[in-house]
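Me: I would like a close look at one part of this model. Please keep to geometry and give the cut-offs.

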Amino acid sequence: YERTHLVGGSFSNVFGDTTIRSEVGYSSNRFILTNDTTNSDGVFGTGELSYVLGVDYQGWRDWFVSGQLFQSILIDPAHDMTRDKNETSATFLLRRYFINESLKAEALLIQNLNRSDGALQTSMKYQWRTNISLTLGADIFFGTSAGLFGQFEEESRITFGTEFSF
């Protein structure tokens with residue numbers, strides 16, 4: 001691990017039922033994999049500027065809707081690196097409560113716009129007792145094997161969880 005410096009900031013503002021938010025950051029030394037055979041350790045260092053823009057909406061009773069756009073820009077890209085100079089991803093979250101907030105249904109779509117791969121994560125959480133909740137979910141990966149999520153396309157899964165509080 002090498003030392004890196006990170007500087008950034010964030011802002012958000014509420015307009016009625018809508019929240020607009022953003023974060024920006026600059027990392028002085030981000031390490032990226034390369035396929036360049038002349039590079040002895042297979043990585044190179046570069047500066048990285050990254051940001052996220054998000055919009056959240058809570059105007060409907062028991063609903064929450066959120067969308068985000070992420071972008072990472074390498075300042076000094078190398079030849080034959082394993083990622084694009086500009087990587088862009090988007091997320092869309094939809095959440096709804098039922099039965100006086102005892103049941104929460106949620107779906108999160110994560111999409112890499114460079115490689116058209118992503119993941120869909122769904123879950124249902126039921127607050128059975130004050131101190132016991134049950135969760136059922138599914139993670140579905142899609143896209144090409146060259147993508148961050150697509151490489152797990154054959155590893156989609158169903159999950160079940162129990163939470164005890166005391």
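Which backbone nitrogen does the side chain of Asn112 reach, and at what distance?

Reply: The side chain of Asn112 reaches the backbone nitrogen of Asn114 at 2.8 Å. This is a predicted model, in which local features need pLDDT of at least 70 and side-chain atom pairs count only at pLDDT 80 or more, while totals for chains, interfaces and linings use all residues. Residues are numbered from 1 along each chain as its sequence is written, and side-chain values use heavy atoms, with hydrogens and water left out.

Asn112 belongs to strand β6 (residues 103–112); strands are DSSP runs of E, at least two residues, numbered from the N terminus. Asn112 is buried, at a relative accessible area of 7%, where buried means under 20% (1.4 Å probe, protein chains only). Leaving aside neighbours within four places in sequence, Asn112 is in contact with Glu87, Thr88, Ser89 and Asp117, contact meaning heavy atoms within 4.5 Å.

Of these residues, Glu87 is also buried, at 12% relative accessibility. The side chains of Glu87 and Arg115 meet in a salt bridge, 3.0 Å from N to O; the term requires a side-chain nitrogen of Lys or Arg within 4 Å of a carboxyl oxygen of Asp or Glu. Glu87 lies in strand β5 (residues 86–98) and Arg115 in the loop between β6 and β7 (117–129), so the pair ties together parts 28 residues apart in sequence.

Strands β5 and β6 are also linked by Glu106 in β6 and Arg95 in β5, 11 residues apart.

Terms used:
Helices (H or I, at least four residues) and strands (E, at least two) are DSSP runs, numbered from the N terminus. Buried means under 20% relative accessible area, exposed over 50%, partly exposed in between (1.4 Å probe, protein chains only). A polar contact is a pair of N or O atoms within 3.5 Å; within protein, one must be able to donate a hydrogen and the other to accept it, and residues adjacent in sequence count only if both atoms are side-chain atoms.
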